[in-house]
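Please keep the sequence and the model in view while reading.

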Amino acid sequence: MNERHVFLKSFSLQNRIFFSLIFLSIISSILISAVSVYQFKEEARTYHQYRLERKEGSITENINYILTTTPYELNTENLPLIFKDKIHELASIHNTELHIHDLNGKLLLSSKGSFSIDGLQSNIPIIILKTIKSSPNKRFVDVEEVDNTRIRTAYRYLKDQKFKPLGIIKIPYAEETEFYESEVRNFMYKFGQVYIIMLIMSIAISYFLSNYITQSLNKLSIKMTSTKLGQKNEKIEDISTSKEISNLINAYNDMVEKLDETYQQLAQNEREQAWREMAKQVAHEIKNPLTPMRLTVQSFERKFDPTDPDIGNKLKDYSAVLIGQIDTMSSVATAFSSFASMPAQQNETLNVIKTIRISLDIFTEDFIYFEHEEEEIIAVIDQTQLIRIITNLVKNAIQAIPDSNPSPIVIVKAYQNDENIIISVTDNGTGVTIADKTKIFEPKFTTKSSGMGLGLGIIKNIVENYKGTITFETQAGKGTTFTVTLPLTK
């Protein structure tokens, strides 16, 4: 599941890299085409502006020549006479319309050249007159759209030889966009062909590049996800990849080495700590019977009188005390031996319900109840260890109920589902306090005044050897339920 999850994440990363590269390719292509179209427009604008200025300069030179050679007096009223015949000739030569106005903007003379531009105002607007008058070179170019045609209209003063304004000449110029539009279409067509080829190449390059980047990351992710403390973690062999990912792989390999060293050191420390704690517990449990044995021997030594007629009974009592303490020490050794090395599992096919009944037969309390829905739960398990689990849990449940409880009760339940055998032991005792919950399965922990606190530790060891679990739920003053779950091996 982890490898599948890592694969999906890596696949998603590969897709993100792939589509990011494609997106960048598309964006760059759009920017290139936009900049190219803008450049075409700027070049066309510059071209038409330059063409108008050149045409305007030529017309101005011709007009100045006419003004210097005319027999009429140079004034505004004579302008129609001066250019009566010449204006058509000028319009034909320069292939444009010419309009001559007085200084107030009123149309004095107009030529109809080889073409005519409709929609232009006959008189010059006042705002244009003011603009021309205020401009340094007494010139103004107006740009407007007429019937989807871009018109540039140049306004310029007509002056005599003393630079006195006589009138205003208006030169309309229609921008021819057919060539420009044809160039744009040709460019976009060719660019589109090149773009399709480049897009296909970009897709191929992006795919291999993203796959190259994520391949190493995918392998590294799977290794890192499967890395766990306490197991043999494999290093990643050197693979051909980028310097950055190689550094990441080297860092991972160093981490694996340090993790193994840390685990070994941690395991060693835990073993040493466990042995120290075990030694303390064994020493404590052995000292308990040694103290009364010492006191008994010292007392017998002081009071020993061979002539005492009751010496036989005293010697018998003395021996009984010593034997009892020796039995206690023996039970301590046996308990620790059982915890330190569990006997090998002797698995056998048995009826769990029947085995639980056998376990409960040793108890004489009449408040122990056994509940089960089936008469048979057949499983393969060690009978001795199953009996030990039941007896320890029931014994702990009985001891958890105080003598002051008027209605003691212990309920043992057993049932099965598709995969597990579930055994629970419930009591209505004092429950487990919050402070004791986290250490209840510790080998040396006990809340009782007697005993060594190994029972639940032994049970937990047995259950975990069967790949099972043991849990508990408790309420202070209401009782506790221990639940053992064992895999159902048929």
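The model is a predicted one, in which local features need pLDDT of at least 70 and side-chain atom pairs count only at pLDDT 80 or more, while totals for chains, interfaces and linings use all residues. Residues are numbered from 1 along each chain as its sequence is written, and side-chain values use heavy atoms, with hydrogens and water left out.

Of the 490 residues of the chain, 34% count as buried; buried means under 20% relative accessible area, exposed over 50%, and partly exposed in between, with a 1.4 Å probe and protein chains only. Among contacts (heavy atoms within 4.5 Å) with a separation of 6 or more, 63% join residues 24 or more positions apart. The chain has 11 helices and 12 strands, which are DSSP runs numbered from the N terminus, helices being H or I of at least four residues and strands E of at least two.

**A sheet with antiparallel pairing**

Five strands form an open sheet in the order S2-S1-S5-S4-S3, with antiparallel pairing; two strands pair if DSSP finds at least two bridges between them. Strands S2 (107-110) and S3 stand at the edges with a single partner strand each, so one side of each has no neighbour in the sheet. On average, neighbouring strands here are turned by 25° against each other, direction ignored; axes are lines fitted to C-alpha atoms, for helices over the stretch in contact, and angles run from 0 to 180 degrees between N-to-C directions.

Helix H4 (residues 126-134) packs on this sheet and touches S3, S4 and S5, its direction making about 150° with that of S3. Which residues of H4 are buried? They are Ile128, Leu129 and Ile132. These residues lie on the same side of H4 because they cover an arc of only 105° around the axis, the arc being that of the directions from the helix axis to the C-beta atoms. They pack against S3, S4 and S5. On the other side of H4, the residues Ile126, Ile127, Lys130, Lys133 and Ser134 are exposed.

In the hairpin of S3 and S4, 2 residues lie between the strands, and Asp147 takes a positive phi near 55°. Within this pair, Glu144 has Ile151 in S4 as its bridge partner. Further along the sheet, Arg156 stands opposite Ile169 in S5.

**A sheet with mixed pairing**

Another open sheet of 5 strands has the order S7-S9-S10-S12-S11 and mixed pairing. Strands S7 (368-372) and S11 (469-475) are its edge strands, each pairing on one side only. Neighbouring strands of this sheet are turned by 15° against each other on average, direction ignored.

**Antiparallel strand pairs**

| Strand | Partner strand | Bridges |
|---|---|---|
| S3 (residues 139-146) | S4 (residues 149-159) | 8 bridges |
| S4 | S5 (residues 165-174) | 9 bridges |
| S11 | S12 (residues 479-487) | 7 bridges |
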